Every structure is written in C-alpha cells, then in structure tokens.
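Have the sequence and the model open while you read along.

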Amino acid sequence: MSSANARTPPLPVESGIWVVVFGELSIFTLFFSVFLYYRALSPELFAASSATLDQGLGALNTVILLTSSWFVASAVTAIQQAGGRERALRYFSCALACGAAFVLVKVFEYGGALRDGVNVLTDEFFMFYFMLTGIHLMHLLVGMALLGATALQLRGSLATGNAASNTLVGFSSCFWHMLDIVWIVLFPLLYLLQ
Amino acid sequence: MSSFLIAWTVLVLATLLSWWLEAAADGDLVGTVVLLVALFKARIVLRVFMDIRAAPPPVRWLCEAWVLLACTALLGTYWLTPYFQTS
C-alpha cells in the first residue's frame with residue numbers, strides 16, 4: 001500500500017454512481033436524525049441499553065472498515081498504473097477479507113445479544129440497533145458481492161490481457177467507501193453516545 | 001508517507017480519541033464533539049479515499065453539502081429535540 005499516492009489521476013467514473021452514493025448517504029442521514037430524535041425523548045433508556053454493547057467490538061469493526069477503505073483506494077490507484085492490475089487484484093482481495101472479518105464480528109455480536117435474550121423487540125434502542133446495523137450489514141454484503149465481481153473481472157482481464165471496466169471498479173469502490181462513511185457515523189451513535 | 005497512510009492513521013486516532021473522550025467525560029458537549037469527529041472522519045474518507053478533491057466541481061460541492069447537511073441534521077436533532085420537548 002505504500003506505493004499508493006494522490007498524484008495518480010482520478011479514476012473516471014459515471015455520474016450515476018454519485019446519485020447512488022449521495023442518495024444512500026441522505027437516506028442514512030435521515031435514519032441517524034430519527035435515531036437521535038427518539039434518543040432525546042428517552043435518554044436514560046438509550047444510555048442504559050447502549051452501555052450493554054461491547055464498544056471494543058464496535059471500534060474493532062470501525063478499524064476493519066477503515067483498513068478495507070485503504071485497500072480499496074490503493075486498488076483504484078494501482079489499477080491506473082502500468083502493470084498495477086495484479087497489485088489491484090491483491091488489494092481488492094484484502095478488502096474482501098476485511099469485509100468478511102466485519103461480518104464475522106457482527107455475527108458474533110448479534111449471537112451474544114440474542115443469547116442474552118436481547119432482540120429487536122427488547123426496547124426502542126435495540127429496535128434501532130438491529131435495524132440500523134442490519135440495513136448496513138445488508139448493504140455491506142452487496143458491497144462484498146460488488147468487490148468480488150470486480151476482483152473476478154480483474155482476474156479475467158489479467159488472463160486475457162484485456163482492459164478491466166472502469167465502471168465496475170468505480171462503482172464498487174465508491175459504494176464501499178460509502179459503507180465505511182455510514183459505519184463511521186453509526187459507531188458513535190450506537191456505541192459511544194451515553 | 002502516502003496520503004492514504006496519513007488518512008488511515010488520522011482516522012484510527014480520531015476513532016480512539018472519540019472512544020476515550022466518551023469514557024472519560026459525560027455530557028452533551030462531549031456528545032457534540034464525538035458527532036463532529038465522526039463527520040470530520042467521513043469528510044476525510046470522501047476527500048482522500050474517494051478522491052473527491054480531484055472530482056468535477058459539482059461532485060465536490062455535493063460532497064461538502066452532504067457534510068454540512070449531516071452536521072446540521074445530527075447536531076440540530078441532538079440539541080433541539082429536548083428543548084422542544086420541554087418547552
């Protein structure tokens with residue numbers, strides 16, 4: 001990753017990608033505001049329920065997604081450099097591994113909560129917790145599928161010698177960074193605010 | 001040092017700072033700082049990892065507009081809901 005640098009020209013992406021990214025960010029911003037509204041109505045309940053979450057696991061998942069974003073950004077830079085497609089493939093694979101690690105941590109967290117008898121019906125906080133993290137997780141699985149498709153396409157282009165499609169690379173990378181941004185705000189909302 | 005490494009380091013340190021701050025102190029001011037740090041981190045991801053800095057001007061403006069919108073929506077709801085509820 002040390003070879004990544006900001007001097008590489010930006011990857012040309014289709015304008016429709018920004019509609020998806022900023023559309024998703026706007027919807028999630030609305031969700032965040034609704035959460036904060038209900039939190040302000042029952043601050044004690046939200047603080048008590050939030051305190052039962054494992055902040056360490058939330059922080060771990062934040063670092064995992066930040067690292068995955070670094071890999072994806074490095075892949076996009078590498079793909080535009082001469083002979084960088086193999087490196088880009090490795091970076092995309094590492095980002096996918098980070099995505100899998102995030103899912104594992106989340107499943108472990110959900111499993112612990114369900115074993116403790118906590119579920120979506122427990123209280124308002126946990127309704128928001130399962131809904132917001134669940135929607136994010138579903139988006140993350142879509143993001144992983146996109147990264148996987150990008151990696152497969154890159155592998156195919158390496159085998160045939162043809163150029164890889166900028167559209168898929170641009171879309172999957174922007175979508176993945178959008179997921180990172182959503183989690184960056186979700187982490188303090190759900191785990192830190194007391 | 002690449003810009004990605006610097007951005008990642010700042011992002012991880014900001015995450016740890018928020019975590020520590022929330023554990024060390026309490027109150028609405030800490031909550032406000034934690035939310036602002038989160039949006040600052042989001043802006044770094046947009047500018048460095050998504051390379052918005054090199055994007056066409058409308059996309060850059062859209063990006064800055066979203067950060068401002070999120071700031072207003074989150075802090076507005078965080079601060080004003082209790083006020084309207086009690087008044």
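**Entry 1: the core**

I began with the largest nonpolar core, which has 77 residues, and noted that Ala75(A), Phe92(A) and Ala95(A) have the most contacts inside it. For my own record, a nonpolar core is a set of buried Ala, Val, Leu, Ile, Met, Phe, Trp, Tyr and Cys residues joined through C-beta atoms within 7 Å. A residue is buried if 20 or more other C-beta atoms lie within 10 Å of its own, exposed if 12 or fewer, and partly exposed in between, with C-beta atoms placed from the backbone.

This is a predicted model, where local features need pLDDT of at least 70, side-chain atom pairs count only at pLDDT 80 or more, and totals for chains, interfaces and linings use all residues. Residues are numbered from 1 along each chain as its sequence is written, and chains are lettered from A and ligands numbered from 1 in the order in which they are written.

H6(A) brings the largest share, 18 residues. Helices here are DSSP runs (H or I, at least four residues), as are strands (E, at least two), numbered from the N terminus.

I then followed Phe92(A). Beyond its neighbours within four places in sequence, Phe92(A) is in contact with Ala75(A), Leu147(A), Thr150(A), Ala151(A) and Leu154(A); contact means C-beta atoms, placed from the backbone, within 7 Å.

**Entry 2: helix H5 of chain A**

An α-helix has 3.6 residues a turn, so residues three or four places apart point the same way.

After H5(A) comes Gly161(A), with a positive phi near 85 degrees.

**Entry 3: where the chains meet**

Here 35 residues of chain A are in contact with 37 residues of chain B. Helix H1 (15–41), helix H3 (55–79) and helix H6 (166–192) of chain A each supply at least two residues of the side that touches chain B. H1(A) gives the most, ten residues.

**Entry 4: chain B**

Chain B has three helices and zero strands. Its radius of gyration, taken over C-alpha atoms, is 16 Å, well over the 12 Å that the globule rule gives for 87 residues, so chain B is more spread out than a compact globule. That rule is 2.2 Å times the number of residues to the power 0.38. Buried residues make up 32% of the 87 residues.

Leu46(B) touches Ile181(A), Ile52(B) and Cys63(B), not counting residues up to four places away in sequence.

Last, Asp51(B) sits in the loop between helix H2 (28–49) and helix H3 (57–86) of chain B. Its phi is positive, near 55 degrees. Most residues other than glycine have a negative phi. Asp51(B) counts as buried, with 22 C-beta neighbours inside 10 Å.

Terms used
Contact = placed C-beta atoms within 7 Å.
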